[in-house]
Structure formats: C-alpha cells, structure tokens
Amino acid sequence: MSPVAPPRPEVHANCAISLDGRLAYAGGRRARLSGPEDLERVQQLRLASGAILVGVNTVLLDDPSLRVHYELLGRKDEGRHPVRVVLDSRGRLPPQARVLDGSLPTIVATSGANTTAYPKGVERIVCGTDRVELPRLLRELSDRGIRRLLVEGGASVLSSFFRSGLVDRFTVYVAPVLIGGRTAPPLMGGPETAGPEGAVALTRVAVEPLGEGVLLTFAPAPGGHAPL
Ligand SMILES: NC(=O)c1ccc[n+]([C@@H]2O[C@H](COP(=O)([O-])OP(=O)(O)OC[C@H]3O[C@@H](n4cnc5c(N)ncnc54)[C@H](OP(=O)(O)O)[C@@H]3O)[C@@H](O)[C@H]2O)c1
C-alpha cells in the first residue's frame, strides 16, 4: 500500500514575466508587467484563494499589500480577502511593511532561529530550525482551513515550491517586453541546474492571448523532470 500524503492546500503559482523570462528590472526593481486584463485575472485568482504567499525579498523590494483590489474588478470592496503569508526565516520583514499593517489576517512563516516580535494580530508560525520548510508550512495552513494557496513569488520562492514538487497549477502572463541584462531576476531562482535531472518539467494546459500578452497555463509533468 502506498503511504498516504499528508493533507495540504492545492498550490497555484502565478507570476508575470517579460518575454525574456524576467520577473523585474535590474537588481529586482519592480516591473509592472501585467496589463489591465491580467491584473483583473490576478484579482479573481486572489479571491478564489484562501491565502496568498510571497517571500520576504518581494516585500522588501515591492512592499505589496497582498489584498484583493476590488476596484480592478469594477466592484466595491466586499471585505473578502485571503490570508497573507510571508516567508521570513530570519526576521528581515521591516515593521513598516504594508503586509504588517494589521488590516488583514497575516501569517509570518519563520524559523526557530528568528526571535523578532511581529505586530499584534500577525500570526507567527515556526516551520523549521533555520529556514521555512514548505511541507511543514503547508500542513500548518491546512490545519487553519486553507484549501487553496496562491504563490506569487518571487524567484527564490517559486524555485523552492517547484523543486519541492509542491505546485499543482502554474499560470504565467508573458508581457511583450524584453528586459535583458544580468541582474534582472529570472522566473526561477534557487540553485543552478547543471543538467536535465535538475530541471523542472511541466505539461502545457493552455495558451491564450490576454490583452497585449499571452497567458500560459501548466501542470506538473508526470515524473517531474525535463526529458531533455
Ligand atoms: N513579476 C512577478 O509576477 C513578481 C511577483 C513577485 C515578485 N517579483 C519580483 O521577485 C523579486 C524577488 O524575488 P527573490 O527571489 O529575490 O525573493 P523572494 O522569492 O521574494 O524571497 C526569497 C526569500 O524568502 C525567504 N524564504 C524563507 N523560506 C524560504 C523558502 N523555503 N524558499 C525560498 N525562500 C524562502 C528567504 O529569505 P530569508 O532566508 O531571510 O528567510 C529568501 O531569500 C523582486 O524583484 C520582485 O519584484 C515579481
């Protein structure tokens, strides 16, 4: 009998990239790659999710609010927002970050090595000794009733989720722009891939024009490695 996998939320990863696969400008400076149609799609995704997750570098560089922007859907704020989750193993989240403003339920996933006190109303979940271990975090989120998790990046976080085999669906909006250079972050960061055994293989589900760009949808490939 095969062992039963512990329960975890369904994980949907989403991002917007340039045609040359960059998530942002040089040094990580925020790039607004999504057009209005994609921004609307992302709000629908957020609304359908129990939680939205980003890494601490995305907070440091972009300071996102991680709320549903109802105005982009042409609707009044209904007050329904996913839980915000930030991976911050070492306590680098700045106290003035918008995700710590106390306006929405927020979780900081951290490690035992981090002794930072977060503001009132922010739940701290320790899921690792030195670094956030994703399977542990997903179990904690599942215990809190979260059934669908939207992972929005950045490059290191996407890498960790993909390399841990924890992405069930991946959507990427490709904007018709080239960024180039050496320091603009690529879609997937993390460790170097020396050969096909380290590459993450996906199966194409859909290719659709969206606004000025293209929306690509993928699922994990059976086996998980690229047949290169
Ligand atoms: N275009 C898009 O759709 C989009 C979306 C989001 C972000 N971005 C861009 O992405 C860039 C940031 O990406 P990034 O790769 O520098 O950082 P990131 O993925 O946002 O954050 C990475 C950090 O999260 C922490 N972390 C804790 N546990 C982790 C784990 N298990 N796996 C991975 N990270 C973990 C680590 O810091 P500690 O060790 O300190 O915990 C790590 O350095 C920015 O330029 C931002 O603009 C673009």
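A salt bridge is a side-chain nitrogen of Lys or Arg within 4 Å of a carboxyl oxygen of Asp or Glu. The model is predicted: local features need pLDDT of at least 70, side-chain atom pairs count only at pLDDT 80 or more, and totals for chains, interfaces and linings use all residues. Residues are numbered from 1 along each chain as its sequence is written, and side-chain values use heavy atoms, with hydrogens and water left out.

**View A. Salt bridge between R8 and D168.** The N to O distance in this pair is 3.0 Å. R8 lies in the segment before β1 and D168 in the loop between α4 and β7 (169-175), so the pair ties together parts that are 160 residues apart in sequence. Helices (H or I, at least four residues) and strands (E, at least two) are DSSP runs, numbered from the N terminus. R8 is partly exposed at 31% relative accessibility, as is D168 at 28% (partly exposed lies between buried, under 20% relative accessible area, and exposed, over 50%; 1.4 Å probe, protein chains only).

**View B. Salt bridge between R75 and E78.** The closest N and O atoms are 2.9 Å apart. R75 has a relative accessible area of 33% and is partly exposed; E78, at 43%, is also partly exposed. A network of salt bridges links R75, E78 and R80.

**View C. Salt bridge between E133 and R136.** Here the N to O distance is 3.9 Å. E133 is partly exposed, with a relative accessible area of 37%, and R136 is partly exposed at 33%. A search of the whole structure finds 11 salt bridges.
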